[in-house]
Amino acid sequence: MLNSLRSIVQEVNAARDMKTALAIIVTRVKQVMATQVCSVYLRDAKGDYVLMATDGLNADAVGRVRLAAGEGLVGRVVVREEPINLEHAEAHPSYQYFPETGEERYSSFLGVPIIHHRKVLGVLVVQQVEQRRFDEGEEAFLVTMSAQLAGVIAHAEATGGVMPVGTKAKAAQSKFVGVSGASGIAIGEAVVIAPAADLRSVPYQACKDVELEIDFFQRSLMAVREDIKSLGEQLKARINREEQALFDAYLAMLDDASLASEVVGRIRKGANASYAWSEVIIEHENIFNSMNDPYLRERATDLRDLGRRVLAYLQESNQKTRVYPDKTILIGEELTASMLGEIPKEKLAGLVSVQGSSNSHVAILARAMDIPTVMGAVDLPFTQIDGRSIIVDGYKGTVYCDPGAQLRKQYKAIFLEEQALVKGLEALKNLPCETKDRYRLPLHVNTGLMADVVRSLERGAEGVGLYRTEVPFLLRDRFPSEEEQRAIYREQLEAFAPHSVTMRTLDIGGDKALPYFPIEEDNPFLGWRGIRVTLDHPEIFLAQIRAMIKASEGLDNLRILLPMITNVQEVDASKALILRVYKELLEEGFRVRKPQVGVMIEVPAAVYLAPELSRRVDFLSVGSNDLTQYLLAVDRNNAQVADLYQAFHPAVLRALQYIVYAAHDAGISVSICGELAGDPGAAILLMAMGYDVLSMNATNLPKVKSVIRGITYEHAKKLLSDVMRMSNGDQIREHIARELRESGLTRLIRPVTSDAG
């Protein structure tokens, strides 16, 4: 059955609307399982489960039969959230007969739930006249099939349920979860951007003038036909007769009247030429892929190549005439920096990338440009939402398509409040960050680009707690030279002088891979990353340290931070190399001072080694993002488990407190530079724990300063005492929010919304 499953999955994935996908499922599953009935029941807006497709029951029953959760065998599958396999279905107490279906003949029943993100979206059912239990293999096949169907349904929710693509009826509000790339709220119109000639990423767009679009399509076919003829002539003397036949095959496909007529037919139904062409080519490609004959399967590659050539012509013309709306939410499978440059700055309101993480290039740029961004929204059916209304919640990493009036009103209020808050906090720039009872807490910023520097200084930063040196490496196609690095580092050091700038040595690996230095691993977060890479490549480490220390000449505000430390040997080896560089520079005549050296505490091993590490370095700096994900075994860039990433988890808070004790016992300072430091509620706890410096994104600095200035140190200590006795992260967050509300600081907490609409 494995080959059959693959074949069905290919056909379902090629379907461009829900109705077609469901028809494929019921027909093909019935055929493969050699059963008399296959049906799909889906949950509707009221929460009932409605018969939406069937092959075997009366077709007139589709849309008419509905059951509540717990009602009938289908409803029982929903409640139990597991398969029900019966040989005498009519004898079961939950059996309910619907005359309109004509199912009284069928005794055997196998129903499996269709579950997506813990929600039962529907039930997939097969039935037979013969009285028997379906065997384990059949049940496993149907469970696998339902898992595939779950993703299709999730995508369909954003495109108007079971309506075919392009239908004008109003679509239902849909929510998709990713991870935060850059905080903030954006409300606007989706503009889907795709890589050139990518058949599977073509967004649906309606055709405005059918005859004009058909003429455009025919002209594009002619242009590609001439290109292929020309290419064949150029290569005639260099290839043999068999290889020349490939060009003849391409021309034959272009001359195939049925292929062109299929595209024209879809244009007449309302799709533009690019979408219609990609749809037809993908369907034909899947037909070739499913064939048993190896030669015919190979033709799928030829067809795909031809499809891309024609699509390139179609897209080139479309791109020239593209008009961007005033509140553009740019959406793509994998957004790049160059794509951002195509849109006028004043029109770009938000970004959503299906692939990528919070450390992707585009996320780094988005934070520097203050553009609310969601990354890794893997379930978003991006090709089918062009022109739709979109809300981007960059705080939670969520995207809403076709938001209802209530949800839009909530987010509009949050957006306006944010704008007013930013203006109101500008007055805090030159005021100290201190509590009402005069407890002083310096606020630093995290930087990576020069764009970060300007915003940081405008918002009153007192230094740099984390300069990510990997950013200049990520934005190049080769390792920057020592002199290039020195110039970059000098800009940062000069901009913040005399305040200190803490520069982290190259931290690549995990989700930060250099395109010219690939690291291929099954589990990159537990692999070759951070200090492990640079100690294995001392030539990279030494060049970077030389550039840093040379850049600090005359300024003397450099501090060096070592990432991903797990043992004292790594610290000793790194310090020896730093000392070697320092002595060499003195011998070469540079008038430099030996910089302070610290380590990042971001893995559990470093937490428990904090006392020993503190005796070897000048300061500690906690990377709360990585520390949280390692303590909780949760990848913070994986939307599937994003809800398990809890910065207020009791284990995280206890580890953070232990680190402070270890550092202060050794007489050194300790800072924290993860996202937790930029959370106003968390900042209060961190201050009470004894952190000497909080370092954060420049956007959050005024909010944190405001909340610190609005509370007493004694109140913060009491709040910390309360939460450290709690064992539930959600309760801790709720308790902090309640305390801040009572203190009149509600506006500074990250927005909370309901999904009503």
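Which element gives the largest share of the lining of the largest cavity? Keep that in mind while we look around. This is a predicted model, in which local features need pLDDT of at least 70, side-chain atom pairs count only at pLDDT 80 or more, and totals for chains, interfaces and linings use all residues. Residues are numbered from 1 along each chain as its sequence is written, and side-chain values use heavy atoms, leaving out hydrogens and water.

Let's start with the sheet. Strands here are DSSP runs of E with at least two residues, and helices are runs of H or I with at least four, numbered from the N terminus. Two strands pair if DSSP finds at least two bridges between them. An open, mixed sheet is built from 8 strands in the order β7-β14-β13-β9-β10-β11-β12-β8. Because β7 (174-177) and β8 (179-182) stand at the edges with a single partner strand each, one side of each has no neighbour in the sheet. β8 runs antiparallel to β12 (residues 373-375), joined to that strand by 3 bridges; in β12, Thr-373 is the bridge partner of Ala-182.

A cavity is a set of points on a 1 Å grid over the protein atoms alone where a 1.4 Å probe fits but cannot get out, and its lining residues have an atom within 4 Å of a point. The volume is the space filled by probe spheres set on the points, which are joined across faces, edges and corners. The largest cavity has about 170 Å³. Helix α3 gives the largest share of its lining, 3 residues.

Terms used
On a 1 Å grid over the protein atoms alone, a cavity is a set of points where a 1.4 Å probe fits but cannot get out, and a pocket is an open set with protein on both sides within 12 Å along at least five of seven lines; lining residues have an atom within 4 Å of a point.
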